[in-house]
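Here are a few exercises on charged side chains and how they pair up. Have a look at the model, then work through them.

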Amino acid sequence: ITQQPFSTWIYRALTFLVISCPCALVISIPLSFFGGIGGASKIGVLVKGSNYLEALANTEVVVFDKTGTLTKGSFAVSEIHPVGMEEAQLLELAAYAEDYSNHPISLSIKNAYGQKIDNSRVSDVQEIAGHGVQAVIDGKTILAGNTKLMEKEHIKYTPSSAVGTVVYLACDGKYAGCIVIEDEIKADAPAAIKLLKSAGIRKTVMLTGDAEPVAKAVSAELGLDEYHAGLLPGDKVDQIETLLAAKRPKENLAFVGDGINDAPVLSRADVGIAMGALGSDAAIEAADVVLMDDDPAKIALAMRIARRTLRIVYQNIVFALAIKFACLVLGAIGMASMWTAIFADVGVMVLAVLNATRALYTKDLAKKNEQ
């Protein structure tokens, strides 16, 4: 060996250097993630980075907000139960009290009232977060909100057993009745939960500020594993913390929401998924993934895309390293020419890049998702 000319060793060293060039890994791995992000965008799912795509692939627990996520968020008044006054009068008081709010429940009450509201009759409006509103109407103090508001103000009320969102009203400290509002479940929500189960999601959970009967009915209809009702925005964060502490090692938790109150939870979850069409700007900004058409069924498809993208990344890593290590051994003992080195570098890079482009193709996964 020592009698071989110095040029032979120079040739082997240069061959070894060309083979060891990491072009295949440096180029193909980012391209695989870019392909996965591009494939997700083709189906209307915006992923804000490759790290979120990887986190989505390892997600096994999905937590949902209810209103606007699993339900349409288009409320309608279904029942009016006055106490000591007419139905029209109770509805009028509720509409005036909710006049300054843009919450979907407030809008449904105003739509049911259907008349022009004289703002001069309303004063001292206060919105009590997670409880309801307080306003002075024609000199009378009106409270409109949930059971927590009634209990907070020490109002003796009659709990409603109706399945729906119940708005309780009090006039000058006396219970005046309640209004029942119903929200319709999205047509594709049951299928979305089934698709998540088929995609390997271990647990589905719903968090809502609605009453227990409403949450129980929605959870049962959708086939959710768990639900928590009567939550304030801060309570949702506490529930997420509990679920994060209970999840298995190396698995991620995703939260799906749309409202401004969901922004803290979206930020805290491993993967925050926001509804992009009707969702608030704060929720979209805080989220890592955005569903542009508000279709919850796209979540399972996005997870399938993310998982295939990771498989392609691992394929490229294993393929590139296996070829390079084999060629390095051949190059060290003088059995690999410069052409072999070029194949181990450029050839492997081209093959890895071609494999990475598969991440852009999503039609087969979309068909599987539809089935």
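Is R268 buried, partly exposed or exposed? R268 is partly exposed, as its relative accessible area is 35%; the scale calls a residue buried under 20%, exposed over 50% and partly exposed in between, with a 1.4 Å probe and protein chains only.

A word on the ground rules: this is a predicted model, where local features need pLDDT of at least 70, side-chain atom pairs count only at pLDDT 80 or more, and totals for chains, interfaces and linings use all residues. Residues are numbered from 1 along each chain as its sequence is written, and side-chain values use heavy atoms, leaving out hydrogens and water.

**Exercise 1.** Find the salt-bridge partner of R268 and say what the pair connects.

Step 1: look for a side-chain nitrogen of Lys or Arg within 4 Å of a carboxyl oxygen of Asp or Glu, which is what a salt bridge means here. The partner is E241, with the closest N and O atoms 2.6 Å apart.

Step 2: R268 sits in helix 10 and E241 in helix 9, so the bridge ties together parts 27 residues apart in sequence. Helices here are DSSP runs (H or I, at least four residues), numbered from the N terminus.

Step 3: check E241, which is partly exposed too, at 33%.

**Exercise 2.** Work out how buried the D262 and K236 pair is.

Step 1: these two form a salt bridge, with 3.4 Å between the closest N and O atoms.

Step 2: D262 is buried at 2% relative accessibility, and K236 is buried at 8%.

Step 3: widen the view, and D65 joins K236 and D262 in a network of salt bridges.

Definitions and conventions
Helices (H or I, at least four residues) and strands (E, at least two) are DSSP runs, numbered from the N terminus.
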